[in-house]
Amino acid sequence: MTDVLAVTDHRRGELRDVSYEIITAGRELADETGGDLHLTVISGTVDEFADDLNREGVDAIHTVDHGEEFNHDVYTQTITQLYDELAPQYVVTPNSVNGLDYAPAVANELDLPIVTDAIGLETDGETLIATREMYGGKVETTNELEGEAVVTIRSAEWPKAEGTGDASIEAFDADIDEDAIGSTVTGFEEVGGGDVDISEADVLVSVGRGIEEEDNIPLIEELAEALDATVSSSRPIVDNGWLPKNRQVGQSGKVVTPDVYIAIGISGAVQHVAGMKGSDTIVAINTDPNAPIMDIADYAIHDDLFDVVPALTEQFQ
């Protein structure tokens, strides 16, 4: 019987969705190995987080009350010590900004192989088979890791764990070497760009590099106005300065789950898809029928956005 240790994720006092998804992924993996699922909550309001994360499938929750915000050194020290204490087969972490910060360090400290951004996990005896995407989502690959391993999972690939669990909740007395902590959070600075919160929008009209130039952005804004929707974008639009940072959807932007997500001129890179895959209905407009976004769209329009968008705007005005 081999156990699984899953690490949760929080930011600015709130648990991230991937914390509930990692329970599902971890439970499935533990079922295959015949072991228990151990969950750890590090820093923040750990007792409140633990109560909220006590979902079906969790066998034990280990809390580490050390500071309010994420810290690389605290997480690395804690997870390596938990690993030594619990001796799990696998350590599963989110493929988030935080997870990608500490997971490689943990793997290095424990001398374990690591695979990142997994979208599927299964086992074959002592072998972990992790499925990943490459080349912008055009190809799926399988990676085989023998023995113990560290793996990070992509958000929105597993459903959120539900139900009320009966896990034991215990404080873990991590021996944190304060002298080894090389950084600390001293404050936060909000990114400018208005007061629009795209994560709260019911309908998003999202624009990508297919719009070609900044002068064409009003075309998208007109459609959004006709639909009473909010404009969002992929990263290249923000990087070019055509829209502010708070409009960006994706791993380095915001995760959104609107009722309707209209992706216009967006190819569907994995980083972007991770931020909008949970939308109820996805509409894609693209000249490339093989663009990854077309594979996840509920409605795919293979045509020139400069013909389709004005027609849609006229229809809804």
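The exercises below concern salt bridges in this predicted model.

**Exercise 1.** Determine which parts of the chain are tied together by the salt bridge between aspartate 17 and lysine 160.

*Solution.* Begin with the contact itself: the two side chains, of aspartate 17 and lysine 160, form a salt bridge with an N to O distance of 3.3 Å.

**Exercise 2.** For the salt bridge between aspartate 31 and arginine 27, classify each partner as buried, partly exposed or exposed.

*Solution.* The side chains of aspartate 31 and arginine 27 meet at 3.0 Å, N to O, and both residues lie in helix H1, four residues apart, which is about one turn of the helix. Aspartate 31 has a relative accessibility of 52% and counts as exposed, because the cut-off for that class is over 50%. Arginine 27, at 18%, counts as buried, because buried means under 20%.

**Exercise 3.** Locate the partners of the salt bridge between lysine 277 and glutamate 157, and name the network to which they belong.

*Solution.* The side chains of lysine 277 and glutamate 157 meet at 2.6 Å, N to O. This pair links distant parts of the chain, 120 residues apart, with lysine 277 in the loop between helix H7 (270-276) and strand E16 (281-286) and glutamate 157 in the loop between E11 and E12. Through salt bridges that share partners, Asp117, Glu133, Arg154, Glu157 and Lys277 are joined into one network.

Technical notes
Residues are numbered from 1 along each chain as its sequence is written. This is a predicted model: local features need pLDDT of at least 70, side-chain atom pairs count only at pLDDT 80 or more; totals for chains, interfaces and linings use all residues. Side-chain values use heavy atoms; hydrogens and water are left out. A salt bridge is a side-chain nitrogen of Lys or Arg within 4 Å of a carboxyl oxygen of Asp or Glu. Helices (H or I, at least four residues) and strands (E, at least two) are DSSP runs, numbered from the N terminus. Buried means under 20% relative accessible area, exposed over 50%, partly exposed in between (1.4 Å probe, protein chains only).
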